[in-house]
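Here is a briefing on a two-chain model. Look over the sequence and the coordinates, then read on by topic.

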Amino acid sequence: MQFDDQNRVGKAKRRALVNQTEAKNRVELFRHLPQYDHGSQLPNLESKLFQLDSVHPAVFKVGLRYMAGDISGVNARCTEMLRALQEAIIDYSTPPEKVLIRELTAKISSYISFINECRPLSISMGNAIRFVKRRIAKLPLSHTDVEAKTALCSDIDRFINEKIIIADKVIVGHASTKVRDGDVLLTYGLSCVVEMILLSAHDVGKKFRVVVVDSRPKLESQALLNRLIAKGLSCTYTHINAVSYIMHEVTKVFLGASAVLSNGTVLSRVGTACIAMVAHAFSVPVLICCEAFKFHERVLLDSICCNEIGDPGALATVPGRMDINYLENWTNEENLQLLNLMYDVTPSDYVSVIVTDHGMIPPTSVPVIVREYGQEHYLI
Amino acid sequence: MDFQVVVLAGGVSKKLLPLVSHELPNALLPVANRPVLSYVVELLELSNLKDLIVVVEGKDTALNVGAWISGAYADRLHVEVAAVPEDVGTAGAIRAIARHLYAKDILIVSGDLVSDVPIGAVAATHRRHDAVVTALLCNTPVSGPLESVSSGGKDKAKKPGRYDLIGLDPTKQFLLHIATGAEVEKDLRIQKSILRSVGQVEIRADLMDAHLYAFKRSVLLEVLDQNGEFHSLKHDVLPYLVRSQLKSEVLLNGTPQAEENGTEKVISQSNQQMLSQILANASEPTFHLRHELSTNGSDSVRRTHKCCVYIAGSNKYCARLNSLQAYNDINRDVIGEASHLSGYSFSSHNNIIDPTAELGAKTTVGPHCMLGEGSQMGDKCSVKRSVIGRHCRIGANVKVVNSVVMNHVTIGDGCSIQGSVICSNVQLQERATLKDCQVGAGYMVTAGSDCKGEVLTKK
């Protein structure tokens, strides 16, 4: 939904389960995206725990954790959401005189819209939801409630198993072959697949260095850095402003993705495009590690149409430095708007290869995968 | 939402004598002319929690409370009143009703809590962190009369016993240490393992435990089963859970997985581990996780559980009726600052006068006062910051300042009542002067008596 359309926004607000107050200093260019006041969101939702009877407790918990920012990363978010839907399906019972398929689909849709209100869904999570709805639609009518529910739950389990866990293992297997002794690998942000690749290559015994690049305000890579150091890898840590100074040492760049689109563009954490462009300028190969369920048939040409806006207040503070408070009253300044984008889009020219569970493919082959393996009989 | 609410309404507490008696248990003590239990019940009703279990000590008291509840809330709420033997303590009360508890999480509220904190927020924090216990903390209320002329020394002696010492982590989400009541006077002991894992502990003396807890049912019942000597939730169970949070001995998942016999498990063991690794890496690791992961080669897997807190906002009111001083304070606050709690609408003079009350000539009723129905006041009386109950007969020239007068009280002419609590059916004859006294039910104060700081009860 485009948020600059007043009618639709009004209608959605009336239907909304979560009351969000809009931010005061909205950025005009991003009017089509939801920009909410982050300070009051979480307390509002928390106090509604007992009022929202229509939302299953597990789904409410997931929505709460999304809004609080407890979970980040598409794999984890997707898994938690599917698990919550599983629990909701188990507890579901068809009202009399109604058909399971339609009722359950409607219920799932309402849960998904609640989760969407807590935090906008990412593109690849849409794939997972479409899968669940397709499985529900394909349930034979002769199944009883219990049989249908067990079938759905095992389908969801298989999705998580095959599309996330086993896919990750295959990707790690493929990508580890690309790591050679003496390599200097650069990574950015917190991607669970890239972390697994680095650790498994280290376990096999390859000798390489890692450069971990980080950026404000999230500083996500610090957690990755801690875990790599705990396992004994030799790492270098720097912020994204220094990437052009360190790129000359780097031999390969491993990046994760939130979604890969049909024209080969990669949607990932903001800053990834910058890293990929600098790597391209230095002729360093960029490997995107991404499971196949994140491929989508959409096409994006820029980072503006489809994005997510985070908490602008996070930009105004530096953790640990109370003396840097020049932007303390940024909400009162009329001419000042803070923009905290979460995602950005890397054009396919800067991507050398995409490592997926179907193999290592060039970015131009993404529509092929979407077309061939997006068929229903391949999904499970 | 899979929560069950248990209200611990107590019995006839010794600390509130002579206000409470066999006929008027703790829970039914009137605050601003409403039983104190009604505040808790209204708060729960506001949060859409309509299924309650009210635990009362003593069978007669239970009948009393049950009768009032069914009278007031018959159609709106579904309340079960359970009677437990006296002096079993809060832990014993929970043990007694254990078989009625089936939900995943239990919300335990003390029946003497007067507050407007949203209960959903405590429950949401509990769910979000998957905690074993979540406690509500609020700012310690300011106590003592505002115009304290004397008896400052007496108030100071009462204060230290009330406070709790709370240890929080830097993010103010987890409870690291709790020391209550008598332990506050002694040295503070903090677990070294907790300090090492967290790094920074913030000790707060300005926060008070509001006796509103959310427990995971399986853990609570297990702890109560294994430790039969635990008497009180606040003094025994909560500190036990907080102390052992990094060396957890409780079974977190209740009944063990029943699906072990499945022939084909969809997700194998190693894949399951990988999945939990992904999920763990995705979120900001709490100190529990960091502690678990740093096993240092020891064989036993260190399990941890989380004890969370919810700190009520400073604009919320929260107080517990557990002493005479608190009784005075809460009465004053409910018709004063926290007037939204009383549920009454204030007149233009900022007081509540029931339409059936009669005021004599030249009688002044100041702001922040309350006059119950059917009460009659004589001429030239003056009422300041007080609560007067129903059907009272107050003579002429009476001064009531900072006091609570319950129902059916007769006050003769020329009396002066300051900072006192007068229970129901009391008769004060002419020119009696009471200052900081408590008069038990049914007592008769003789004419011309002058009492300061006494407790007057029928023998």
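**An arginine and its surroundings**

Leaving out residues up to four places away in sequence, B:R320 touches B:S110, B:D112, B:L113, B:D209, B:A210, B:H211, B:A326 and B:I330; contact means heavy atoms within 4.5 Å. This is a predicted model, in which local features need pLDDT of at least 70 and side-chain atom pairs count only at pLDDT 80 or more, while totals for chains, interfaces and linings use all residues. Residues are numbered from 1 along each chain as its sequence is written, chains are lettered from A and ligands numbered from 1 in the order in which they are written, and side-chain values use heavy atoms, with hydrogens and water left out.

- B:R320 sits in strand 14 (residues 318-320) of chain B. Helices (H or I, at least four residues) and strands (E, at least two) are DSSP runs, numbered from the N terminus.
- B:R320 counts as buried because its relative accessible area is 16%. Buried means under 20% relative accessible area, exposed over 50%, and partly exposed in between (1.4 Å probe, protein chains only).
- Its side chain makes a polar contact of 3.1 Å with the side chain of B:H211. A polar contact is a pair of N or O atoms within 3.5 Å; within protein, one must be able to donate a hydrogen and the other to accept it, and residues adjacent in sequence count only if both atoms are side-chain atoms.
- The side chain of B:S110 is also in polar contact with that of B:R320, at 3.4 Å.
- From B:R320 to B:G372 is 52 residues in sequence and 23 Å in space, C-alpha to C-alpha.

**Chain B overall**

- Chain B has 11 helices and 32 strands.
- Of the 459 residues in chain B, 53% are buried.
- Take the contacts in chain B between residues at least 6 apart in sequence: 56% of these join residues at least 24 apart.
- UniProt lists residues 354-445 of chain B as "domain: EIF2B subunit epsilon/gamma LbH", in an unreviewed entry. UniProt positions are given in the numbering used here, feature names are shortened, and annotations may be inferred rather than shown by experiment.
- Over residues 354-445, chain B is 0% helix and 37% strand. The end C-alpha atoms of that stretch are 27 Å apart.

**Interface of chains A and B**

- In chain A, 38 residues are in contact with 31 residues of chain B.
- The two chains bury about 2,900 Å² between them, 65% of it on carbon and sulfur atoms. Buried area is the accessible area (1.4 Å probe) that two parts lose on being put together, summed over both.
- The count of salt bridges between chain A and chain B is 2. A salt bridge is a side-chain nitrogen of Lys or Arg within 4 Å of a carboxyl oxygen of Asp or Glu.
- A:K61 forms a salt bridge with B:D130, the closest N and O atoms being 3.4 Å apart.
- Helix 2 (38-47), helix 3 (57-68), helix 4, helix 7 (145-176) and helix 8 (192-204) of chain A each supply at least two residues of the side that touches chain B.
- Helix 7 of chain A gives the largest share of that side, 10 residues.
- The side of chain A that touches chain B divides into 18 nonpolar, 7 polar and 13 charged residues. Ala, Val, Leu, Ile, Met, Phe, Trp, Tyr, Cys and Pro count as nonpolar, Asp, Glu, Lys and Arg as charged, and the others, Gly among them, as polar.

**Two buried residues of chain A**

- A:E80 lies in helix 4 (residues 74-91) of chain A. At 18% relative accessibility, A:E80 is buried.
- Beyond its neighbours within four places in sequence, A:E80 is in contact with A:V62, A:R65, A:I71 and B:L279.
- A:I165 is in helix 7 of chain A. A:I165 is buried, at a relative accessible area of 0%.

**Salt bridges within the chains**

- The structure holds 29 salt bridges over all chains.
- A:R209 pairs with A:E249 in a salt bridge, 3.1 Å between the closest N and O atoms. A:R209 lies in strand 2 (residues 208-214) and A:E249 in the loop between helix 10 (243-246) and strand 4 (252-256) of chain A, so the pair ties together parts 40 residues apart in sequence.
- B:R332 and B:D329 meet in a salt bridge (3.3 Å, N to O). Both are buried.
- Salt bridges that share partners join B:K172, B:E202, B:R204 and B:D206 into one network.
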